[in-house]
Every structure is written in structure tokens, then in C-alpha cells.
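Subject: Structure handover

Hello,

Here is the structure I promised to pass on. Please open it first, then read my notes below.

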Number of protein chains: 2
Amino acid sequence: MKKIEGGVTAARGFRAIGIAAGIKKDKKDMAMLYSQVPCRAAGTFTTNIVKAAPVKWDQEIVYHQKTAQAVVMNSGVANACTGAEGYGYCLETAKTAADLLGIQANQVLTASTGVIGRQLPMDLIRQGISTMVPLLSDTAAAGTLAAEAIMTTDTVKKEIAVSVELGGKTVTIGGMSKGAGMIHPNMCTMLAFVTTDAAISQELLQRALSADVKDTYNMISVDGDTSTNDTCLLLANGLAGNPEITEENEDYRTFAAALNYVNTWLAKHMAADGEGATALFEVKVVGAKSKEQAVTLSKSIVTSSLVKAAIYGHDANWGRILCAMGYSGAKFDPEQVDLYFESRAGRIKIIENGVDTGYSEEEATKILSEKEVTAIADVKMGEAAATAWGCDLTHEYVSINADYRS
Amino acid sequence: MKKIEGGVTAARGFRAIGIAAGIKKDKKDMAMLYSQVPCRAAGTFTTNIVKAAPVKWDQEIVYHQKTAQAVVMNSGVANACTGAEGYGYCLETAKTAADLLGIQANQVLTASTGVIGRQLPMDLIRQGISTMVPLLSDTAAAGTLAAEAIMTTDTVKKEIAVSVELGGKTVTIGGMSKGAGMIHPNMCTMLAFVTTDAAISQELLQRALSADVKDTYNMISVDGDTSTNDTCLLLANGLAGNPEITEENEDYRTFAAALNYVNTWLAKHMAADGEGATALFEVKVVGAKSKEQAVTLSKSIVTSSLVKAAIYGHDANWGRILCAMGYSGAKFDPEQVDLYFESRAGRIKIIENGVDTGYSEEEATKILSEKEVTAIADVKMGEAAATAWGCDLTHEYVSINADYRS
């Protein structure tokens with residue numbers, strides 16, 4: 001596997017664009033993604049029972065029809081809690097794009113992110129689609145414009161691409177995502193779009209995605225709030241010309257590993273760019289009895305406001321980590337736990353068998369002052385492990401969210 | 001029922017004191033509570049599987065022996081994650097107090113709050129107990145000193161007392177508590193001590209307490225972190241001379257109602273004095289199908305970082321409330337929900353059947369700018385209701401917790 005330049009336009013046959021359509025003030029706010037041939041479509045969506053209109057629209061397409069050729073995205077307005085009117089706007093958005101692209105409306109997925117409860121400004125949306133269709137391009141720059149247009153409180157765009165060899169052909173997988181706040185995915189994260197030119201059956205495409213989100217998007221948390229709009233779409237157009245993957249063979253495993261690399265990269269970068277974050281906080285739980293136990297423990301630690309505030313303060317306040325493990329619901333013996341902190345500045349054992357090792361606070365603070373810090377908890381019950389990603393809790397998070405709508 | 005002056009010393013036969021023993025810098029940090037006759041003891045404790053040593057010590061006494069005569073409390077050090085050494089210090093604390101009071105060590109409960117992972121400074125603890133025993137007093141001022149000594153990041157002491165008539169006798173219930181951070185009780189909250197001179201069987205005393213904590217302490221949240229030290233103790237010494245309550249009769253219901261008033265008052269004041277809080281945030285869910293559903297929904301709203309930050313910003317960002325209801329795990333129809341905000345400044349309907357009512361943002365902001373604000377969600381499924389209490393998420397919360405140990 002090779003990391004290459006680009007994002008959603010890296011795979012053959014995909015075009016994209018991002019523009020400022022006037023939904024937000026002086027910022028890009030609409031994007032489109034288009035494949036020159038129909039794609040097999042896979043997706044995972046929020047488990048929040050309050051689902052945004054575009055989530056419902058996309059679920060119809062991904063679960064029943066299982067193919068798609070375009071995605072229309074906007075930031076600024078989430079089109080969530082907007083009733084029948086909001087769902088109607090998804091249909092209208094899809095139809096407007098479909099007419100201009102010469103395809104059917106049911107081949108157009110939609111995705112929105114932004115304020116909940118407001119209706120989409122349809123005049124601007126229609127106008128934006130008309131502007132975007134002729135600008136669609138397969139260049140890396142066009143992919144970047146799309147990645148920028150879906151940002152809300154994100155501070156950096158997130159895009160990545162990799163290539164692998166399958167049956168003598170080069171297969172590319174590229175993706176982009178946006179995260180920042182209301183990030184505690186359950187099935188998938190806020191918005192992530194992954195494209196590939198791999199030839200693969202829809203069944204295996206969905207299987208690969210569903211399996212992978214559990215270890216990637218579902219393992220990140222910014223603030224514990226599972227959004228109404230979480231959507232991850234994976235489109236495969238088959239243009240790489242590889243022998244079609246129709247069973248879980250070596251090619252499937254190679255594809256799945258490359259997909260995992262892309263999704264992990266996007267997930268980690270969303271965590272690191274969480275609202276107000278100054279550090280990526282990685283939590284590894286090892287020596288667990290089961291994967292489920294490791295997931296429960298690592299997510300509880302990475303979600304704790306008190307742990308996150310301590311990371312912000314570069315404070316090795318390990319009691320809060322043990323406390324968060326204790327209320328997670330997972331069973332373990334606190335008096336068996338070893339805990340380490342690790343970063344580029346080094347590694348330090350903080351507690352052994354549940355009690356303080358007498359470590360140097362100065363050294364611990366140095367380790368915790370890096371941009372990426374890891375806590376490793378060994379519960380000594382078995383061989384299972386899990387990794388979760390989050391960020392620190394900062395003054396800036398509060399500032400952003402105390403007045404997000406203004 | 002009559003609200004009266006005082007706290008834990010209001011009921012007949014209870015003495016208390018609080019002093020600065022040197023555990024914290026220039027602040028009161030130790031307290032004692034003593035009844036001139038043995039009490040029936042009830043208690044509820046954290047469900048965190050990481051339990052502080054004093055929680056384990058108190059559980060032994062409350063669950064098996066069911067009587068007690070004194071409590072030794074300290075702030076500054078939580079005596080959690082301290083292994084066998086920490087548990088030994090509970091025993092030593094109890095023995096030191098018992099010797100001076102002329103009672104058995106197993107009649108002395110202990111409670112600690114503060115930093116996790118540090119051992120108690122036993123020299124200071126022993127010295128503190130020696131200082132306190134001769135100072136124990138039944139005055140209201142002595143109760144206040146105790147309420148002050150258990151504070152950590154609390155900004156105000158919390159004490160209350162009420163009296164009721166039972167069988168022609170005046171029965172008093174008084175209490176004190178401390179909260180502030182790591183507050184998301186499960187069974188009971190950080191530290192709450194309630195005393196009464198009621199004559200009541202231990203079985204009914206425990207039953208009244210266990211039933212009541214579900215509606216009071218367990219319904220508050222400051223930061224979603226369930227502490228290792230949560231403890232609520234209820235001591236009844238029988239000195240009021242009322243006919244002993246041994247069944248769920250009218251006297252029991254009167255006693256339980258007064259206990260509920262005391263616990264609700266203490267719980268609400270802990271929520272309002274949450275770390276960094278500028279407002280008490282009350283959430284009522286009405287029209288629920290079951291009490292359990294109402295509890296799940298109201299706690300999910302009151303715990304959401306995004307909702308709490310919006311309350312800090314006086315921002316009627318109702319989409320976050322609906323979002324928090326949606327991921328709570330409770331089933332309901334988002335398109336049936338009505339939502340109101342209420343405070344001393346008025347009441348406003350924000351959404352009806354899941355969509356915006358076109359309310360005035362100006363009026364909503366005015367209502368949300370009060371010190372106590374209430375959100376009321378009607379899910380229109382039945383008759384059950386629940387109320388949860390929390391606070392806003394502020395810059396000050398982050399400041400306090402980014403560097404709590406320094």
C-alpha cells in the first residue's frame with residue numbers, strides 16, 4: 001500500500017468541487033462529488049433516533065437501491081429537525097443535481113452539517129448546484145475545494161488517498177471528512193466520503209465498511225454528543241479494472257486494509273481537530289478479556305470531561321482515568337491495572353497494580369505537553385485490545401459552543 | 001413541614017465541628033459528626049467499581065452492622081486508589097476517633113474527598129481528630145464549620161434542616177453536602193450527610209433513603225463523571241421520642257417527604273454550585289411513557305456538553321437538546337416533541353411537534369439569562385415525568401480542571 005496525493009478525486013473517474021454558495025458568510029459551504037459511471041454505494045449512519053433529513057434520504061438509497069453516482073453536500077445548515085419540509089428539500093436538491101447531470105434523482109446522495117432546526121435556503125442551494133456542475137473536475141485541487149467546503153468549526157481540511165495493487169491493477173481509495181463538534185459517532189462519524197475505483201460487489205463493499213467503522217470512526221469522541229447527521233459514504237465505481245472482488249479473498253483483505261488506513265487517518269484527524277483541541281489524545285486498553293471490554297474502557301476514558309481537561313493542563317491526573325474506567329460498566333480489578341503515558345517525548349509508567357509508581361511529575365508533564373499523547377491501560381485479563389481517539393477539553397471548546405449560532 | 005435554621009446539628013443529640021488540620025493550605029479540611037447515642041445508619045454509595053477506601057469501610061458498617069455513632073470526614077485527599085495501605089488508614093482513623101470518644105471503632109464512619117491516588121497524611125489526621133473531639137458542639141455554627149470543611153471546589157457551603165410532627169413530637173432532619181466536580185452520581189452523590197432524631201427502624205430508614213436518592217442525588221450531573229467516593233449517609237438517633245416508625249404508615253410518608261425535601265435541596269444546590277457554573281440548569285421531561293424513559297431523557301439532556309455550553313451562552317440552541325434526547329437510548333417520536341424554556345423571566349415555547357415555533361430569539365435569550373433556567377420537554381406518550389439538575393459548561397470549569405492538583 002502506498003500513500004499518494006489527493007483525496008476524493010484520487011480514484012479514477014471521480015470529480016468534485018467546492019464553492020461559496022452564500023449559506024455561510026464569506027466561506028465555502030457547498031460541495032459536489034460525481035463519478036463518471038454509476039457506483040456501488042455503501043454507507044453507515046448515525047444511530048441517533050433524531051435523524052437529519054439527508055440521513056433518511058441516503059439510507060433509502062444505500063439500503064435499498066445500493067447504487068449512486070453523485071453526492072451534494074452543504075455546511076452551515078444541518079437540515080435536521082426540519083420535518084417533511086426538510087425531507088422534501090433533499091428530494092429537490094437531488095432532482096436539481098440529477099437534471100443537470102443527466103442522471104436519475106435517486107442516484108444523488110445528499111449530506112448536510114451545521115445548525116440543527118433551520119430549513120435549507122433552497123434558492124442558494126439550487127443556485128449553488130447550477131454553479132458547481134460545470135466546475136466539477138478530477139484534479140486534486142478540486143477534491144481539496146470539496147474537503148474545505150464541508151468544514152464547520154474544523155480548522156484544517158481532512159483528505160487522504162492510498163493505492164494498492166489488486167490483480168495486477170492499481171486500485172485507489174481516497175477520502176475526505178469533517179468533524180470538530182457533536183462528535184461521538186455511533187455507526188459512523190459526522191461526514192466522511194470515501195471513493196474508490198475498485199471493482200467490488202456491493203455486498204462486500206458494505207461489509208468492509210461496516211466492519212471498519214467500528215475500529216475507526218466509532219472509536220473517536222470530541223464531546224460525547226452523537227450527532228443527528230453522522231454519515232459515512234463509500235462509493236466504488238470499478239474503473240480500476242481489477243478482477244471484481246466477490247468473496248473474502250486476499251484481494252478483499254488488501255482492499256479492507258487500505259480502507260482501514262484511510263478511515264483511521266480521517267478518524268484520527270477529526271479527533272485531533274476537535275473543537276478547541278490543542279492535542280490528539282489516544283487511549284489504548286490492552287490485556288483485556290474481550291474486544292468489547294477494551295472498547296468500553298477506552299471510550300469511557302477518552303470521553304471523560306475531567307480526563308480531557310487534565311490532558312489540556314498537561315497534568316498526569318491518573319485518578320481520573322481509573323475513575324472513568326470504573327464507571328464505564330466494564331468489569332475489571334482496579335488493583336491489577338498498570339497505566340502508562342507516552343508521546344514523542346518518551347514513555348512513563350504511572351501506576352502499577354492500581355497504585356502510584358512514584359513517577360516523576362516533571363517527566364510526566366513533559367510527555368503530556370506534546371501535540372499527540374497516548375494513555376495505555378493494561379488490565380491484565382487477556383489478549384484483547386482497543387484504541388480510541390479524542391482530544392483535550394479547552395477554554396476554546398466552551399467559547400465555540402457557548403455561542404455557535406451567532 | 002417547616003424549614004428551620006441549621007444543618008447536621010439541627011436534630012437533637014448531634015454534635016459537629018470543622019477545622020483546618022493542615023491537609024490543604026490555609027483552608028478547613030477536616031470535620032466530625034457525633035451523636036450522643038448510637039444511631040441507626042443508612043447509606044448509599046457509588047456504583048463505580050473503583051471504590052475509595054472509606055466507601056468500602058462505610059459499606060461494611062452500613063450493610064452489616066447498620067448502626068454508627070460518629071463520622072470523620074476530610075477534604076483534600078480522596079483516599080481512592082490507595083490499596084491496602086489506604087484501607088488501613090480508614091481503620092486507624094476510626095480507631096483514633098473511637099478511643100477519644102469512648103466508643104468502638106466500628107461505630108465510626110469515614111468519608112474523604114479530594115485528589116485520587118494520594119495516601120492520607122495520617123499524622124495530620126490523628127492530630128486533627130484530637131483537636132476536634134473536645135470542640136464537638138451542638139450549635140448551628142459548629143454544623144456550619146463542618147459543612148465548610150468538606151468543601152473542595154465548591155464555592156458555597158450546603159446545609160439545610162426541616163422539622164415535621166410525628167405522633168405529637170417534633171422530628172428534625174438536617175443535612176449537609178459537597179459537590180462541585182466529578183459529579184454524576186449513581187446511587188448517591190459525592191458526600192452528603194443527613195441526620196435526624198426520628199425514631200425509625202433501620203430497615204425503613206434505608207428504604208426511605210434508597211428510594212429517595214433515585215429522585216434527588218442520582219438526578220444531578222456536573223460533568224458526567226461518576227466519582228469513586230460518592231457517599232450519602234443518613235443517621236437516625238431516635239431522640240425526638242416519636243413512636244418508632246416500623247411500617248410504611250402515615251408517619252413514614254411524612255418522614256420520607258421531609259427527607260425528600262432535604263435531599264432535593266442539597267442535590268439542587270450541588271448542581272447549581274457545579275465547578276465553574278453560572279446557572280442551575282433544570283430539565284423536566286413530561287408526558288413520558290414510563291418513569292425510566294423520563295429519567296433517561298432528562299439525564300441525557302442535562303449531561304450533554306453541547307447543551308450545557310449553549311446554556312452558558314444563553315443560546316436557545318434547541319437542536320442540541322433534541323439531539324441529546326435522540327442518542328439517549330430512549331425511544332420516542334422526535335416529530336411529537338414540544339419544548340419550552342422557563343425561568344423567572346418567563347416561559348416560551350421553542351418547538352412544537354419537533355419543529356421551530358418561530359419564537360423570538362431575544363425573548364428566549366432573556367429567559368436563559370437567569371441564574372436558574374428550566375427546559376421542559378413533552379414527549380406526549382403518557383403520564384410519567386422526571387426532573388434532572390445540572391449546570392452550564394463554562395471557561396471556569398476548564399480552568400479548574402486543567403490544573404486541579406496544583
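Chain A is divided into domain 1 (2-269) and domain 2 (280-402). These bounds come from an automatic or database domain assignment. The C-alpha centres of the two domains of chain A lie 32 Å apart.

Two notes on reading it. This is a predicted model, where local features need pLDDT of at least 70, side-chain atom pairs count only at pLDDT 80 or more, and totals for chains, interfaces and linings use all residues. Residues are numbered from 1 along each chain as its sequence is written, while chains are lettered from A and ligands numbered from 1 in the order in which they are written.

Now the sheet. Chain A has an open sheet of 6 strands, with mixed pairing and the order β13-β12-β11-β14-β10-β15. β13 (355-356) and β15 (384-391) of chain A are at the edges; each has a single partner strand, so one side of each has no neighbour in the sheet. Strands are DSSP runs (E, at least two residues), numbered from the N terminus. Two strands pair if DSSP finds at least two bridges between them. β10 (residues 280-288) of chain A pairs with β15(A) in the antiparallel sense, over 7 bridges. There, K284(A) stands opposite T387(A) in β15(A).

Next, chain B. A377(B) sits in strand β14 (residues 372-378) of chain B. Is A377(B) buried or exposed? It counts as buried because it has 27 C-beta neighbours inside 10 Å. The cut-offs are 20 or more other C-beta atoms within 10 Å for buried, 12 or fewer for exposed, and partly exposed in between, with C-beta atoms placed from the backbone.

Best wishes

Notes
Helix = DSSP H or I, 4+ residues; strand = E, 2+ residues; numbered from the N terminus.
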